Amino acid sequence: MTFPSSSIAFARSTCEYPDITRNWFYDSGWKMRYRTGYDRNGFGVHPNVTSFTMHEEAHSQAGKVIRDLHSLGKYHGYAGISRPYQWTGLAGAKVCKPGYHRYGAAIDFTRFDWGSDCFVDTAVHGRARRYLRRRYLAVIATCRKHFGIVLHRHNDPDGSHWNHIHVDRGRKAVAMSWGYTTDTTIIQWAARDLAGVTDLAIDGDFGPKTTAAFKTLRSRFGAEDFDPTASNTNTMLWLNLIGWHGMADQDAGTYQVKDIERHEAAASD
Ligand SMILES: [Zn+2]
């Protein structure tokens with residue numbers, strides 16, 4: 001399924017394409033909940049299991065995000081504790097407004113939950129302590145595995161994404177390209193919070209400082225021969241590496257490409 005170009009998507013606000021309505025992603029046990037407001041500390045409040053309407057493809061791709069986040073929690077949980085996935089918070093999906101929401105091809109996420117001691121609140125954790133920013137980054141990287149566009153507090157063209165993560169299929173989950181702020185901000189954020197390049201701006205501009213930071217990251221990841229822009233396979237390796245480090249709160253280099261490959265070989269046996 002290829003959705004129309006963004007100039008067409010943003011030209012109208014009418015809803016189009018068939019949709020489905022579900023209250024779970026991937027497995028019927030992994031429910032969705034609507035964010036109705038915020039508590040006094042700014043955390044989203046999600047009182048009830050809620051059904052959302054979206055395009056079947058977006059539902060399926062988001063299901064893969066949740067499946068992968070379940071694996072991250074299980075095998076790379078913070079503080080070495082294995083945490084199975086619980087539920088997902090949303091602000092919306094199919095909405096008759098300009099952009100990919102009108103096709104049901106976009107989803108706004110508000111929370112990813114592995115239990116009360118391990119979750120990502122998208123209104124708070126992108127600017128919280130480093131281990132929480134790392135976990136938020138792990139979520140961003142995992143979203144990018146299955147959606148080509150991921151908007152968040154550091155990739156925010158209209159100023160609205162400080163409180164939610166928007167994913168859409170206006171771009172498929174193709175190999176990374178530095179012309180896309182979705183891809184550049186992930187590399188910049190990983191360099192900052194995983195590799196300690198703290199003077200680097202997360203601004204989506206792949207300039208000389210980002211080029212140098214990317215080189216550092218590439219060396220730490222043992223990824224000299226794995227340029228993420230060269231193939232979809234390489235992009236997936238990088239996004240998995242960022243996800244593992246982010247979820248486990250580890251410095252870049254704790255895991256390398258060879259660890260991902262070993263893991264994948266074991267999983268396919
Ligand atoms: Zn959105």
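How many of the six residues of strand 6 are buried? Before the count, some ground rules. This is a predicted model, in which local features need pLDDT of at least 70 and side-chain atom pairs count only at pLDDT 80 or more, while totals for chains, interfaces and linings use all residues. Residues are numbered from 1 along each chain as its sequence is written.

Start with the whole chain. It has seven helices and 10 strands. Both are DSSP runs, numbered from the N terminus: helices are H or I with at least four residues, strands are E with at least two. The radius of gyration, taken over C-alpha atoms, is compared with a globule rule of 2.2 Å times the number of residues to the power 0.38. For this chain the radius is 18 Å, close to the 18 Å that the rule gives for 269 residues, so the chain is as compact as a globular protein of that length. Its C-alpha trace spans about 45 × 45 × 40 Å along the principal axes.

Now look inside. A residue is buried if 20 or more other C-beta atoms lie within 10 Å of its own, exposed if 12 or fewer, and partly exposed in between; C-beta atoms are placed from the backbone. Of the 269 residues, 49% count as buried. Two residues are in contact if their C-beta atoms, placed from the backbone, lie within 7 Å. Take the contacts with a separation of 6 or more: residues 24 or more positions apart account for 63% of them.

Back to strand 6, residues 87-92. Five of its six residues are buried, so the strand is largely enclosed by the rest of the structure. Which strands pair with it? Two strands pair if DSSP finds at least two bridges between them. Strand 2 (31-34) runs parallel to strand 6, and four bridges join the two. Here Tyr34 stands opposite Leu90 of strand 6. Strand 7, residues 106-113, runs antiparallel to strand 6, with five bridges between them.

Next, the helices. Two packed helices are described by the angle between their axes and the distance between the axes. The axes are lines fitted to C-alpha atoms over the stretch in contact, and angles run from 0 to 180 degrees between N-to-C directions. Helix 2 (residues 56-75) packs on helix 3 (residues 130-146) at about 140 degrees, with the axes 9 Å apart. The two helices are therefore oblique to each other. Among the residues making the contact are Val65 and Leu69 of helix 2 and Val139 and Thr142 of helix 3.

Finally, visit some loops. Ser51 lies between strand 4 (44-45) and strand 5 (52-54). With 13 C-beta neighbours inside 10 Å, Ser51 counts as partly exposed. Thr21 is 30 residues away along the chain, yet its C-alpha atom is 6.2 Å from that of Ser51. Leaving aside residues up to four places away in sequence, Ser51 touches Thr21, Arg22 and Asn23.

Two tyrosines complete the tour. Tyr17 sits in the loop between helix 1 (6-9) and strand 1 (20-22). Its phi is positive, about 75 degrees, although Tyr17 is not a glycine. Tyr17 has 16 C-beta neighbours inside 10 Å and counts as partly exposed. Tyr26 lies in the loop between strand 1 and strand 2. Tyr26 also has a positive phi, near 70 degrees, in a residue other than glycine. It has 19 C-beta neighbours inside 10 Å, so Tyr26 counts as partly exposed.

Key: Angles under 35 degrees count as roughly parallel, over 145 as roughly antiparallel, 65 to 115 as roughly perpendicular and the rest as oblique.
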